[in-house]
Amino acid sequence: MKNIFKLSLIGIAFLSGCATNIAPNNPVQVAKAPAPMTAIAPVHTGAVAKRLNDCIVNSNQSADALLVDSQIIVVTRNNPHAQALFNSADKLTDQQAKALANYLLEANSCRPIALEELSPEMISVYREFFKKIDGVYADLIAKKITIGVANQERQLLIQDTRMKRLDIQSKKN
């Protein structure tokens, strides 16, 4: 059950470029679930969750993915570069922008899997997330924002989507 939750949460974030459970040190950016909500029901069945996880794992193994995870966006859990990336005042180099664009092409190919088996309400939440996170990545690639700002905005979007998901699930129960 816990693994399905992790896969679902990873799926949400990955759909925008992969997920992370590492929260920034800035307390303004950390959104916590209310105390009574300690577990989240899985969004996907085991088969879909496995396919989504496999897609995510495969997209995280390219050279571009490794560069993105170490220099641009906190993609993996327990990323040793997370704090530096959240605090980075650097803008992307041309090489980094190209790597991020290539990585996103592959990572975003998992989005259709993540939308499988979802309610129309949940699909709407995911699509809103995709639209917003794509805007963050576009601004980062266009060098309108820094690496740190992009990571912070991404984390806020992930947390907001998670809270919306919890709200939808609590209304169903």
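This is a predicted model: local features need pLDDT of at least 70, side-chain atom pairs count only at pLDDT 80 or more; totals for chains, interfaces and linings use all residues.

Visitor: What makes Tyr-126 count as buried?

Guide: The same cut-off of under 20% applies. Tyr-126 is at 1% relative accessibility, so Tyr-126 is buried. In the whole chain, buried residues make up 48% of the 173 residues.

Visitor: Why is the pair of Tyr-126 and Phe-130 called edge-to-face?

Guide: Take two steps. Ring centres must lie within 6.5 Å to pair. Those of Tyr-126 and Phe-130 are 6.2 Å apart, so the rings pair. Planes over 60 degrees apart count as edge-to-face.

Visitor: Where do Tyr-126 and Phe-130 lie?

Guide: Both are in helix α7. They sit four residues apart, about one turn of the helix. The count of aromatic pairs comes to two. Tyr-126, Phe-129 and Phe-130 form one aromatic cluster.

Visitor: Which residues touch the most other members of the largest nonpolar core?

Guide: Tyr-126 is one of them, and the others are Ile-72, Ile-73, Leu-100, Tyr-103 and Leu-140. This core has 43 residues. Helices α2, α3, α4, α5, α6, α7 and α8 each supply at least two residues. The largest share, 10 residues, comes from α7. In soluble globular proteins, nonpolar side chains tend to be buried together.

Visitor: What does Ile-73 touch, leaving out residues up to four places away in sequence?

Guide: Its partners are Val-68, Leu-85, Leu-100, Tyr-137, Leu-140, Ala-150, Asn-151 and Arg-154.

Visitor: How many cavities of 30 Å³ or more does a search of the whole structure find?

Guide: The search finds one. The largest cavity has a volume of about 40 Å³. Its lining is Val-125, Glu-128, Phe-129, Lys-132, Leu-157, Asp-160, Thr-161 and Lys-164. Helices α7 and α8 give two or more residues to that lining.

Visitor: What makes four of the lining residues charged?

Guide: Asp, Glu, Lys and Arg count as charged. The lining includes Glu-128, Lys-132, Asp-160 and Lys-164, so these take the label. The rest of the lining divides into three nonpolar and one polar.

Visitor: How many helices and strands are there in the chain?

Guide: There are eight helices and zero strands.

Key. Residues are numbered from 1 along each chain as its sequence is written. Side-chain values use heavy atoms; hydrogens and water are left out. A nonpolar core is a set of buried Ala, Val, Leu, Ile, Met, Phe, Trp, Tyr and Cys residues joined through side-chain atoms within 4.5 Å. Buried means under 20% relative accessible area, exposed over 50%, partly exposed in between (1.4 Å probe, protein chains only). Contact means heavy atoms within 4.5 Å. On a 1 Å grid over the protein atoms alone, a cavity is a set of points where a 1.4 Å probe fits but cannot get out, and a pocket is an open set with protein on both sides within 12 Å along at least five of seven lines; lining residues have an atom within 4 Å of a point. Grid points are joined across faces, edges and corners, and a volume is the space filled by probe spheres set on the points. Rings of Phe, Tyr and Trp (its six-membered ring) pair if their centres lie within 6.5 Å; planes under 30 degrees apart count as stacked, over 60 as edge-to-face and the rest as tilted.
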